[in-house]
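Let's take a walk through a protein chain together. Have the sequence and the 3D view open, and follow along as we go from a single residue out to the whole fold.

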Amino acid sequence: MGKLGFISLLVAVLAVLFGERVYNLRKRLLATRELVKNHLPNCVLLKDLEHGTEDITILGDGLAFISAGLRFPGYPSSDEPGKIFVLDLKDSRMEPKELRMPRNFDLETFSPLGISLYTDPNDDAVYLFVVNRPHPKCQIEVFRFVEEELSLVHLKTIKHELLYSVNDIVAVGVDSFYTTNDHYFENQFLKSYVEMLLCQPWGNVVYYSPTEVKEVSQGYYMANGINMSPDKRHIYVADVFDHNVHVFERKEDNALTRVKTVAVGSLVDNIEVDPETGDLWVGCHPNAWKLFFFDPNDPAGSEVIRIQNILSDKPQVTQVYEDDGHVLIGSSVATTYGGKLLIGTVFHKALVCDLK
């Protein structure tokens with residue numbers, strides 16, 4: 001075979017491999033899924049939340065905390081720094097209020113992603129853990145919530161070599177938590193293009209405390225949302241590209257033992273857990289091809305999935321809401337309180353609806 005023939009063969013082989021990778025990626029992103037509407041009654045878009053509400057979590061008294069203004073490469077974003085809002089779901093006016101941030105905090109680079117609340121049983125102090133992704137870095141911010149002043153006191157910034165691509169977080173103590181790393185590479189080009197095409201199970205879950213930091217689970221195509229059961233005995237992890245939620249049992253040493261995997265049939269993002277029923281509420285991407293390759297004329301849709309009895313032999317997976325992108329683009333989280341469903345998005349708006 002001549003040199004020209006060899007080069008031609010090599011190009012052909014690479015083209016076939018590239019085509020196979022693109023086909024596989026489209027399959028995982030559900031690129032051919034048609035978006036439809038399955039709306040709930042009395043849905044209202046929340047004011048002042050125009051540039052993403054990537055994660056939402058609720059205190060027991062109905063006060064929702066909202067991470068807003070994520071700045072992520074490839075997605076529309078505001079020039080303003082990220083913010084944290086609260087929304088009193090008991091107040092019929094449904095008016096989000098921005099929390100006042102401390103002066104000693106670097107607000108200009110604040111780009112909040114996943115969040116988690118922890119209430120100290122010793123004094124009822126409320127701590128807010130925030131995944132901060134100031135491009136291209138990754139760190140955890142820990143705040144104390146001062147309700148009387150609607151403000152946050154910044155306590156510390158946590159960085160560690162194992163916390164290199166953190167997506168979501170669930171606090172299990174005043175200074176301990178589990179996190180997901182959604183990518184293997186830290187370089188933005190390798191993360192956004194090479195890793196996406198290869199689509200290998202390189203994501204993981206990390207446990208952090210001041211005395212111990214360790215990987216506790218691995219093998220995710222894209223580890224994303226993470227949360228904990230009301231009795232604190234189980235950890236739930238969403239794998240976006242594998243369309244499922246993994247269930248783990250927590251051990252005394254904070255290791256995780258896999259219990260089961262529940263297929264969801266959509267690209268699962270953040271997970272919220274009903275403290276009374278234990279039901280999982282999951283913000284999903286019904287067609288993530290449209291999300292990753294964003295076109296405002298052909299927007300990505302939104303979907304909310306509820307998982308009931310997840311620890312039983314027959315968990316019930318139900319679609320509660322779906323939109324074709326003309327109301328809500330790129331849903332990333334859903335949570336409930338008092339008969340209301342609150343839905344957040346990666347870079348779009350936030351919606352509150354009545355549950356049927």
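This is a predicted model: local features need pLDDT of at least 70, side-chain atom pairs count only at pLDDT 80 or more; totals for chains, interfaces and linings use all residues.

Glu249 itself sits in strand β16. Its relative accessibility is 29%, so Glu249 counts as partly exposed.

Now try a jump along the chain. Glu149 is 100 residues away from Glu249 in sequence, and the two C-alpha atoms are 38 Å apart.

Leaving out neighbours within four places in sequence, its contacts are Val172, Tyr178, Met228, Lys232, Arg233, Ile235, Ala255 and Leu256.

One of those contacts is Arg233. How far apart are Arg250 and Arg233 in space, C-alpha to C-alpha? The gap is 5.4 Å, even though 17 residues separate Arg250 and Arg233 in sequence.

Most residues other than glycine have a negative phi.

Look for Asn254 in the loop that links β16 (244-250) to β17 (256-263). Is Asn254 buried or exposed? Asn254 is buried, with a relative accessible area of 14%; the cut-off for buried is under 20%.

Asn42 is another non-glycine residue with a positive phi, this one about 55°. Asn42 belongs to the loop between α1 (3-28) and β1 (44-45). With a relative accessible area of 55%, Asn42 is exposed, since exposed means over 50%.

## Salt bridges

How many salt bridges does a search of the whole structure find? The search turns up 17. One of them pairs the side chains of Lys83 and Glu98, at 3.8 Å from N to O. Lys83 is in strand β4 (residues 83-88) and Glu98 is in strand β5 (residues 97-98), so this pair ties together parts that lie 15 residues apart in sequence. Lys83 is partly exposed, with a relative accessible area of 22%, and Glu98 is partly exposed as well, at 43%.

Further along, the side chains of Lys90 and Asp88 meet in a salt bridge of 3.5 Å, N to O. Lys90 counts as exposed at 53% relative accessibility, while Asp88 counts as partly exposed at 29%. Then there's Asp91 with Arg93, where the closest N and O atoms are 2.8 Å apart. Asp91 is partly exposed at 23%, whereas Arg93 is exposed at 55%. Salt bridges can share partners too: Arg33, Glu303 and Glu322 are joined into one network that way.

## Zooming out to the whole chain

Time to step back. The chain has 3 helices and 24 strands. Along its principal axes, the C-alpha trace spans about 80 × 50 × 50 Å. A compact globule of 356 residues would have a radius of gyration near 21 Å, and the chain's value of 20 Å agrees with that.

What share of the 356 residues is buried? Buried residues make up 55%. As for how the chain meets itself, take the contacts between residues at least 6 apart in sequence: 54% of those join residues at least 24 apart.

## Surface and charge

What about the outside? The chain exposes about 16,300 Å², and carbon and sulfur atoms supply 51% of that area.

Finally, count up the charges. There are 34 positive and 49 negative side chains in the chain. Where do the centres of those two sets lie relative to each other? They are 3 Å apart.

Note on methods. Residues are numbered from 1 along each chain as its sequence is written. Side-chain values use heavy atoms; hydrogens and water are left out. Helices (H or I, at least four residues) and strands (E, at least two) are DSSP runs, numbered from the N terminus. The radius of gyration is taken over C-alpha atoms; the globule rule is 2.2 Å times the number of residues to the power 0.38. Buried means under 20% relative accessible area, exposed over 50%, partly exposed in between (1.4 Å probe, protein chains only). Contact means heavy atoms within 4.5 Å. Accessible areas come from the Shrake-Rupley method with a 1.4 Å probe; for residues, only the protein chains shown count as cover. Lys and Arg count as positive and Asp and Glu as negative; His and the chain ends are not counted. The place of a charge is taken as NZ of Lys, CZ of Arg, CG of Asp or CD of Glu. A salt bridge is a side-chain nitrogen of Lys or Arg within 4 Å of a carboxyl oxygen of Asp or Glu.
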